[in-house]
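Trainee: Could you show me how to read helix packing in a model like this one?
Mentor: Gladly; let's look at it together.

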Amino acid sequence: MEIYLVGGAVRDELLGRTVRECDWLVVGGSAKDLIAEGYRQVGRDFPVFLHPDTHEEYALARTERKTAAGHAGFATDASPEVTLEEDLARRDLTINALARDGRGRVIDPFNGRRDLKNGVLRHVTAAFAEDPLRVFRVARFAAQLPGFSVHPDTRSFMADMAESLSELPAERVWGEFRKALAAPAPQRFIEVLLDCGCLSLWFPELKDIRLDDGLEEAEARYGAVGWSLAPNAAADLSKRLKAPNACARLADDIARHGHTLSIWQQADAAALLAALTAINGLRDPVRRRAALAVAGFKAGVNLDALDAALARIENELAAERQHWPKLSGPEMGKRLRKARLRRLADAQHQ
């Protein structure tokens with residue numbers, strides 16, 4: 001039984017990047033062997049085990065054979081006879097089909113180091129076309145590795161796979177997009193998909209939109225697309241991707257109210273209050289600050305003064321309400337609205 005470090009960890013070591021996660025491959029072993037040494041099996045689809053001490057993932061070497069449509073339609077063979085090269089051959093890109101043995105030697109049967117040196121994203125074998133998710137993985141790696149280009153043959157494979165993208169579950173597509181949003185060059189994700197004709201099925205709204213890399217968080221970068229989209233378009237995108245609630249809500253807040261927030265000092269006070277109420281900005285400072293950060297970035301203005309004014313207004317009203325007479329719900333709502341409008345108008349002119 002031999003154990004190798006494989007995939008992204010080897011790639012990042014060779015690129016001089018920080019290795020954030022190690023994946024280990026066991027060749028010549030079996031589930032029985034690993035369990036006997038204290039490893040704990042996880043998952044049902046693939047033979048993956050957790051190390052008893054480090055809890056890192058160790059997978060048995062395996063081959064895959066396409067049996068049905070979709071990214072999960074594969075039959076897996078994880079017998080001890082599967083070789084290291086056979087396992088590496090099933091991987092998506094040559095730069096990910098690398099292994100390092102216990103003595104530090106890099107095993108590179110598909111010239112991944114050459115492609116790392118030349119900045120090329122190239123498929124390993126024609127089996128690349130069997131998994132439609134790899135289209136989005138390539139686009140995601142382009143976002144994570146600025147300066148890398150997609151090999152023409154790989155681009156051709158991706159173009160031929162456009163129709164099969166409908167087989168993918170939204171959660172898997174979002175997973176790749178989310179990683180691209182967090183990458184140094186998120187716009188490359190869109191450019192690669194557009195170049196191979198694979199953008200329109202899942203991301204038609206983003207055809208003419210540039211993903212911002214100035215914002216730091218992936219959620220903020222997703223929310224920023226709402227700046228250039230009509231509210232119904234932002235909602236359609238979020239629904240199709242099954243975007244997490246916080247991301248979908250931020251994109252909707254920006255699509256509907258981002259422009260009003262960005263010009264808050266010139267906006268009609270009633271319209272500004274309506275926008276703040278719609279995003280629950282008076283009661284939820286976390287949601288408010290997320291929206292203000294994105295709207296301010298897109299408009300090129302600093303909205304800290306608005307955030308501070310709202311915090312001050314709500315604190316003042318909370319203290320003032322202690323001395324108000326008992327009012328019915330509707331009466332209280334009217335009085336609060338009037339007080340907030342007055343204070344907002346004052347803040348706009350300070």
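Mentor: Start with α10, whose buried residues pack against α7 (170-181), α9 (218-224) and α11. Contact here means heavy atoms within 4.5 Å, and helices are DSSP runs (H or I, at least four residues) numbered from the N terminus. This is a predicted model, where local features need pLDDT of at least 70, side-chain atom pairs count only at pLDDT 80 or more, and totals for chains, interfaces and linings use all residues. Residues are numbered from 1 along each chain as its sequence is written, and side-chain values use heavy atoms, with hydrogens and water left out.

Trainee: Which residues of helix α10 (residues 231-241) are buried?
Mentor: Buried means under 20% relative accessible area and exposed over 50%, with partly exposed in between (1.4 Å probe, protein chains only). In α10, Ala233, Ala234, Leu237, Ser238 and Leu241 are buried. They lie on the same side of α10, because they cover an arc of only 130° around the axis, taken from the directions from the helix axis to the C-beta atoms. Asn232 and Lys239, on the other side of α10, are exposed.

Trainee: What follows just after α10?
Mentor: Lys242, with a positive phi of about 55°.

Trainee: And where does Arg340 lie, and is Arg340 buried or exposed?
Mentor: Arg340 lies in helix α15 (residues 329-348) and is buried, with a relative accessible area of 13%. Leaving out residues up to four places away in sequence, Arg340 touches Leu273, Leu282, Ile313, Glu314 and Leu317.

Conventions: Helices (H or I, at least four residues) and strands (E, at least two) are DSSP runs, numbered from the N terminus.
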